[in-house]
Amino acid sequence: LYNLLREFEDHSGYSISFPSLNAGFLDLFTAYCSKKGYKHSTTYKSVNNLVWFLNWATENGYNVYREYRQFYKLMDAPDEKSRLLLFLHWDELMLLKEFNTDNRRMERVRDIFSFMCFSGVRFSELQLMKKEDLKPGEISILKPGGGVRLIPMNNYAQEIYQKYENKYYLNNSAFPSMSIITMNKYLRLMGKETGLTRLVAPQSEGEGSQPLYRRLTAGIAVNTFIRNAIKMEVPLEIISRFTGIQNDSRVRRIKSDLAKEEMKKFNH
């Protein structure tokens, strides 16, 4: 990316600095990438990496100019509309949370998945979480670039964690370790037993609609958190802060899809 920016600077005569990274820069830079024969997805990835760096620079006090935060609104995400964003509605989430089982592994899957849905924490983050990262009313997540992301713990998340708070796991982990394969397997079994049969759109061409339980994965937990937080009218910037999603296109898309559903109420 550094080399690409230097090439762009030499070719266009545009001087790159923190204050010059604005909408005018984005227009010239995307045009330059297009001229070089880059696909839109490649250019989008380069801009994504640049925004990541600028967020880091801003958080660490090197930059005070914020116009770059408009880049995602000015660019269309590649194939965004074709990607299906799965989530659980609140009533579906509660069905899973209250699922009754004598199977110890299934119980852990139920609790861990519900905790992620109520907190916005990802599976990869949860697997690295230590006991000291959870304090009364707060979750502490170490950011990849340094620093800490603090998430207030609501009553649902707190209630789940209290079951594991005084249990010891290897490496002082906050929760028992589990593979993503095991997680997804038991999620689908529970989803089927709880009747999560809502049809969801096909993911690939030639594929038919599938019942929701067949598509359940640990990865939809953060989408579930975003969806229900938006329904509760939590501001988008707060949702992005809690989830750590610096590219908030997923947050904005879920909000857009929700708005379309609300408009359908006029059809009844």
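## Aromatic pairs

The structure holds 16 aromatic pairs. The model is predicted. A pair of aromatic rings is described by the distance of the centres and the angle of the planes.

Take F8 and F25. Their ring centres lie 5.6 Å apart and their planes meet at 85 degrees, so this pair is edge-to-face. F8 belongs to helix 1 (residues 2–12) and F25 to helix 2 (residues 23–35), so the pair ties together parts 17 residues apart in sequence. Both F8 and F25 are buried.

## A tilted pair across the chain

F115 and F175 make a tilted pair, because their ring centres are 4.9 Å apart and their planes stand at 55 degrees. This pair links distant parts of the chain. F115 sits in helix 6 (residues 104–119). F175 sits in the loop between helix 8 (155–162) and helix 9 (180–193).

## Cluster and charges over rings

One aromatic cluster is formed by F8, Y14, F25, F29, Y32 and F71. The edge-to-face pair of F8 and F25 therefore has both its members in this cluster.

The charged end of K167 sits over the ring of Y164, 5.5 Å from the ring centre. The charged end of R198 sits over the ring of F87, 5.7 Å from the ring centre.

## The sheet

Strands of a sheet pair through backbone hydrogen bonds, either parallel or antiparallel. Here, 3 strands form an open sheet in the order 1-2-3, with antiparallel pairing. Strand 1 (134–135) and strand 3 (148–152) stand at the edges. Each has a single partner strand, so one side of each is left without a neighbour in the sheet.

## The chain as a whole

The protein chain has 12 helices and 5 strands. Of its 268 residues, 43% count as buried. The chain exposes about 15,400 Å², and carbon and sulfur atoms supply 51% of that area.

What share of contacts between residues at least 6 apart in sequence joins residues at least 24 apart? The share is 65%.

Methods:
Residues numbered from 1 in each chain as written. Predicted model: local features only at pLDDT ≥ 70, side-chain atom pairs only at ≥ 80, totals over all residues. Heavy atoms only, no water. Helix = DSSP H or I, 4+ residues; strand = E, 2+ residues; numbered from the N terminus. Buried < 20%, exposed > 50% of the residue type's maximum accessible area, 1.4 Å probe, protein only. Contact = heavy atoms within 4.5 Å. Areas by Shrake-Rupley, 256 points an atom, 1.4 Å probe, with all protein chains shown as cover. Phe/Tyr/Trp six-rings, centres within 6.5 Å; stacked < 30°, edge-to-face > 60°. Lys NZ or Arg CZ within 6 Å of the ring centre and 35° of its normal. Pairing = 2+ DSSP bridges.
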